[in-house]
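Visitor: I have the model open. Can we go through it in quick questions?
Guide: Go ahead.
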Amino acid sequence: KFSSDNAKSAADLEIKYQPAIKENLLAENKSQLLKNEIETRNKNALLIGLVILIVFLTLISVFIYRQEKLKRKQEKQEFHLKNAISKIETQNKLQKQRLAISRDLHDNIGAQLTFIISSVDNIKFAFPITDINLNNKLNAINDFTKATIQELRDTIWAMNSNEITFEDLQVRILNFIEKAQKCKDNISFKFIIQPDIKDTKLSSVVGMNLYRTIQEAVNNAIKHAHPKNITIEINLFASTVQIIIKDDGIGFDESLISKGNGLINMQKRMEEIKGTIKWSSLENGGTQIELQLKNK
């Protein structure tokens, strides 16, 4: 009976306090859930803060990198601009010097050469020349002085030009051929130039070296080859300019030829402008000189 009464009392107590126990358990569970939720929120907030910090630092790094890159680019542009300005100033100074030199050549040397021609003509006019050798000598002096004046004019023309087109070169070559034709009326001269190359530009140094090389080649043919025909041909192949000077004269033995007769000068001129020169004896007689130059 005692055990039965105790069991009943325990059961009554259990029934009485069961809701409170459950409420305590629920409260504990809620507290734990809330704690976990707070911890989760804190972790998430920390993670988000780290992500924001990383993004912020990345943006700052990108910004600094771009600023440095832009700064280097601007410094590079300023460097190129300064170089360009320096080159322009140097070119202007050189141009002024060339103009001054060309004026001196024209006013001084040109005037003196003209005086020589005038003096020779006056001597021939004032004194009857009966000595044939003396007369020929005076004529030779006259012709040589005139040729020197023409060479001087060509040099002044090149010095006063920053650029020379092949059309300018054509005019000079035709003038030279015309004078050579008067001296050697037994030789037929032919000049051929590809139409689409006429507007191609060269520096004054390159143009003048080409012109002098062509002159030297033609003079060599006249003096040593005894030809009936001399042809000058200018062509453009892709990025290469080709100039051929050929004659139908006596030719030469390639194994015996020495680099005389102006060949050394021609080779040096072409090397100076980064061009090439080669010469060969043709099968049917005659000589061909080929000049090649890269067209930039």
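Visitor: Where is the place of Asn 209?
Guide: Asn 209 sits in helix H4. Helices (H or I, at least four residues) and strands (E, at least two) are DSSP runs, numbered from the N terminus. This is a predicted model, where local features need pLDDT of at least 70, side-chain atom pairs count only at pLDDT 80 or more, and totals for chains, interfaces and linings use all residues. Residues are numbered from 1 along each chain as its sequence is written, and side-chain values use heavy atoms, with hydrogens and water left out.

Visitor: Is Asn 209 buried or exposed?
Guide: Buried, because its relative accessibility is 6%. The cut-offs: buried is under 20% relative accessible area, exposed is over 50%, and partly exposed is in between (1.4 Å probe, protein chains only).

Visitor: Which backbone oxygen lies 2.9 Å from a polar atom of its side chain?
Guide: That of Val 205.

Visitor: And what is Asn 209 in contact with, beyond four places in sequence?
Guide: Arg 269, Glu 272 and Ile 273. Contact means heavy atoms within 4.5 Å.

Visitor: Switching to Asn 235. Where is that one found?
Guide: In strand E4, residues 229-237. Asn 235 counts as buried because its relative accessible area is 11%.

Visitor: What does its side chain make a polar contact with?
Guide: The side chain of Glu 233, at 3.1 Å. A polar contact is a pair of N or O atoms within 3.5 Å; within protein, one must be able to donate a hydrogen and the other to accept it, and residues adjacent in sequence count only if both atoms are side-chain atoms. Leaving out residues up to four places away in sequence, Asn 235 also touches Gln 194, Ile 197, Thr 240, Val 241 and Gln 242.

Visitor: What caps the N-terminal end of H2?
Guide: Asp 131, with a side-chain oxygen 2.9 Å from the backbone nitrogen of Asn 133.

Visitor: How far apart are the end C-alpha atoms of H2?
Guide: 40 Å, which agrees with the 40 Å that its 28 residues should span at 1.5 Å a residue. The expected span is 1.5 Å times one less than the number of residues.

Visitor: Now the loops. Where does His 226 lie?
Guide: Between H4 and E4. His 226 has a positive phi of about 50° although it is not a glycine. Most residues other than glycine have a negative phi.

Visitor: Is His 226 buried or exposed?
Guide: Exposed, because its relative accessible area is 59%.

Visitor: Last one. How many helices and strands does the protein have?
Guide: Five helices and seven strands. Buried residues make up 28% of the 296 residues.
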